[in-house]
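Subject: Structure handover

Hello,

Here is the structure you asked for. My notes on what was found follow below it.

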Amino acid sequence: MRIRLAFLFVALVCPGAVSVGEAEEPTREEKLSAAASEHRLRLEFDGEDFSGPGWDRLVAEGRAAQFFLLGEEHGIAENPMLAAQLFTELLDHGYSKLVIEISPTMASVLDDALARGGLDGLRDLYSRPGGEPAFFGMTEEAEMLARVRSAAPANEAVLWGTDYEVGSDRLLIRLLEDADKPPAAEAALKVLADASAASWAEYYRTGSPEFIFSFAGDPALVRAVREAWPEQDPESAVVLNTLEKTLTINNLWVQGRGWESNQARALHQRENFLRYWHAEKERGATPRVMARFGGSHIVRGRSQTAVYDLGTLLPEIAALEGGHSFSLMVIPGAESLVAGLNPSTWSYEPRPAKDSYAKGLEPLMGVAYEDTFTLIDLAALRPIVGMNRGQLDEELFRMVHGFDMLLVMSGSTPSGELDHE
């Protein structure tokens, strides 16, 4: 006993003196890898359907949540397939809306085209100037929309759009031209339409993205229409708001004012979602909603662009409704390619992941299965990450606290391009 007490005293006052059998303390990264390995599930995919313990867990989380938030690296072929299968599965559990990264008006236009003709309806829409919104010209994205629309009740809109509109200003302007308006607004709208047409003509002549009107246009042209049209109908008011906010957001970006651009975009997204939400509440509904966006829009807390986007707003709304949200981040596995938009040709082509969401996630990526997709429970890792980032990678810290689960799609493939004229 005296020997053991003496040994303990030496260990307390001179900790470096004790080395017999002493193990080196694992780093936080090593602890995270071990915990991620313990809390991972296989998500099987046979080319058409998802299954396995990872699938069962995602469905269970969706059933329990008010909002299912799906963040992603754009252009993974298998991810819209997963979203479509999840949404159709969760329809029986109260889900009725899919929020996507386009404007409110284009969401309505897509919804109508799908209701009339499914994928062929989209092809017809995309054949018109300005009819194809960014991202949804990819085959798997269009197929997801068609599957969601066909599964949902035909008498209710299923798509909500909350974003700006990168390529569809010509279609939006045509909608304004068809609306009743005073002569002064007619004249101001012609100036806007002519500016858009001239900018797109230069884009087609040169192939230079700087002439895409959403980046080249002047928001003052839209303000002139709005000011000359004091009593707009509700649909035209939304269109004008989308056009003005789009040009303002992208003007800031072109000027090199990146944070202000992203802040304006985040506020626009929040404003649009709340418009939908308040309308639903006014008619006595509290829908369950799936939202699918690029990961920086869905992350909870301060985003990668240092703003607070839908990923912060929706969990708070769910809490106010007495529920909670569930957030999933999907990234391609090692050596995977994604489809990226070539802005010079408005077409999609395979390329390495652009947004680099996997950067800094090596402790998690390292435990991903090589032969299937891997679902990792991030909530189980938070006690290890704790409150202080310390030497931990900033993106790893953000990922663990900002999402509830991470899905690594090893062997994922790039989306294709929808065949249309």
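**Aromatic pairs and strands**

Trp200 and Tyr203 lie 3 residues apart in helix α8 (residues 183-206), which means that about one helical turn separates them. Please keep in mind that this is a predicted model.

Across the whole structure, a search finds 12 aromatic pairs. Trp200 and Tyr203 form one that is edge-to-face, with 5.4 Å centre to centre and 85° between the planes. Trp200 is buried at a relative accessible area of 3%, and Tyr203 also counts as buried, at 3% relative accessibility. Tyr203 and Tyr204 form another edge-to-face pair, 5.2 Å centre to centre with 65° between the planes. Tyr204, however, is exposed, with a relative accessible area of 54%.

Elsewhere, ring pairs join Phe67, Trp160, Phe273, Tyr276 and Trp277 in a cluster.

Two charged side chains sit over rings. The charged end of Arg42 is over the ring of Tyr369, 4.8 Å from its centre. For Lys181 the ring is that of Trp229, and the charged end is 5.7 Å from its centre.

As for strands, β1 (residues 40-45) pairs with β10 (residues 373-377) in the antiparallel sense over 4 bridges; Arg40 has Ile376 of β10 as its bridge partner. β1 also pairs with β2 (residues 50-51), again antiparallel, over 2 bridges, and Phe45 has Phe50 in β2 as its bridge partner. β1 and β2 make a hairpin with 4 residues between them, and Gly47 in the turn has a positive phi of about 100°.

Regards

Definitions and conventions
Residues are numbered from 1 along each chain as its sequence is written. This is a predicted model: local features need pLDDT of at least 70, side-chain atom pairs count only at pLDDT 80 or more; totals for chains, interfaces and linings use all residues. Side-chain values use heavy atoms; hydrogens and water are left out. Two strands pair if DSSP finds at least two bridges between them. Rings of Phe, Tyr and Trp (its six-membered ring) pair if their centres lie within 6.5 Å; planes under 30 degrees apart count as stacked, over 60 as edge-to-face and the rest as tilted. Buried means under 20% relative accessible area, exposed over 50%, partly exposed in between (1.4 Å probe, protein chains only). A charge sits over a ring if NZ of Lys or CZ of Arg is within 6 Å of the ring centre and within 35 degrees of the ring normal.
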